[in-house]
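Subject: Structure handover

Hello,

Here is the structure I promised to pass on to you. Please have a look at it first, and then read my notes below.

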Amino acid sequence: MLPIEFKRFRRLRRSALLRDMVRETELNIKDLIYPLFATHGTGVKEEIASMPGVYHLSIDLLKREIEEISELGIPAVLLFGIPAVKDELSSEAYAENGIVQQAIRVVKEENPNLVVITDVCLCSYNPMGHCGVVHEGEILNDPSLELLAKTAVSHARAGADIVAPSDMMDGRVAAIRRSLDQENFTHVPVMSYSVKYASAFYGPFRDAAHSAPSFGDRKTYQMDPANVREALREAAADVEEGADFLMVKPALAYMDVIRRLKDTFDLPLVAYNVSAEYSMIKAAALNGWIDEKQIVLEMLTGMKRAGADLIITYHAKDVARWLGK
Ligand SMILES: [Zn+2]
């Protein structure tokens, strides 16, 4: 006889099939969104030093990439652009023939079914490297809204399926929604970077997008990593302003924020598995210190378990290969 009564959890772990049957969270290829960086020129395929396997691609090479992504069954891409020139008004962000606008048309030509999401921001397009309009060292909120809305409309006009503002200016979801509706893009959803923290995990991305701020930091508009109640206020405002998706960025150090948003709101929730989260794993894997596949799958499953419906990740192509087999 046993001295005490206890539960036998191991009963449900006895075989692989049984474990499959009781698994609570499943990572799917359809959960993945793959970020792409489009650049001017032809034949350009430039690896980002701090992000092995991630490239700046010229429009002509984008076609091959889209073919590969489509064959892997990844449903969506998130487009970023590296402009030819940067100016104070961030003109190329909303130029009819800007880099992102060109990229959208090429992707749609290659695979009209692929969901094209575009990053809507100004930081790559002005020499100050800030996400809004800068005047005398201040990042101005309301004057930025007009340019962000203009950018979103120009992406929709080029064929974007979803626009994703990442600037963290107040009121930008409302401004973008209003402009899209006025221009008859009522069918284009807004995926808001609702809760975007002022994070050190963006370091490699800034190399990738050439968007490091030339002065100061982004703490007057991005959120303090210490705050979660504020995250709920940010997200609530986005819901009210008409957002169709909410996002938490970064993901790994903010799993609790993902869970809080999931429990509080009923919109689809996106987690952005950001550049340094990717770089750290790549670096460790290249040193032979970790099992890359197992670590990546565990990390992304964790994001889903925390509440993410969709995950933007630089690992998307690898994950699709692993899950596809
Ligand atoms: Zn930005």
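The structure holds 2 cavities of 30 Å³ or more. A cavity here is a set of points, on a 1 Å grid over the protein atoms alone, where a 1.4 Å probe fits but cannot get out, and lining residues have an atom within 4 Å of a point. Grid points are joined across faces, edges and corners, and a volume is the space filled by probe spheres set on the points.

Before going further, please note that this is a predicted model, in which local features need pLDDT of at least 70 and side-chain atom pairs count only at pLDDT 80 or more, while totals for chains, interfaces and linings use all residues. Residues are numbered from 1 along each chain as its sequence is written, and side-chain values use heavy atoms, with hydrogens and water left out.

The largest cavity

The largest cavity contains about 190 Å³ of space. It is lined by 17 residues, and those closest to its centre are Phe 80, Asp 119, Cys 123, Ser 166 and Phe 205. Two or more lining residues come from each of β4 (76-82), β5 (115-120) and α6; helices (H or I, at least four residues) and strands (E, at least two) are DSSP runs, numbered from the N terminus. By class, this lining has 9 nonpolar, 3 polar and 5 charged residues. Ala, Val, Leu, Ile, Met, Phe, Trp, Tyr, Cys and Pro count as nonpolar, Asp, Glu, Lys and Arg as charged, and the others, Gly among them, as polar.

Which residues carry the UniProt annotation "active site"? The unreviewed entry gives Lys 196 and Lys 249. They span 54 residues in sequence, yet no two of their C-alpha atoms are more than 4.9 Å apart, so they gather at one spot. Both Lys 196 and Lys 249 belong to the lining of the largest cavity. Lys 196 sits in strand β9 (residues 191-196).

The unreviewed UniProt entry also places a "binding site" at Arg 206 and Arg 218. These two, Arg 206 and Arg 218, are included in the lining of the largest cavity as well. Arg 206 is in helix α6 (residues 203-209). Do keep in mind that UniProt positions are given in the numbering used here, feature names are shortened, and annotations may be inferred rather than shown by experiment.

The second largest cavity

This cavity has a volume of about 70 Å³. Among the residues lining it are Tyr 34, Phe 37, Tyr 55 and Glu 65. The elements giving two or more residues to this lining are β1 (32-39) and β3 (55-58), with the largest share, 4 residues, coming from β1. The lining divides into 7 nonpolar, 1 polar and 1 charged residues.

Best wishes

Conventions
1 Å grid on protein atoms, 1.4 Å probe; cavity = no way out; pocket = protein on both sides within 12 Å on 5 of 7 lines; lining within 4 Å.
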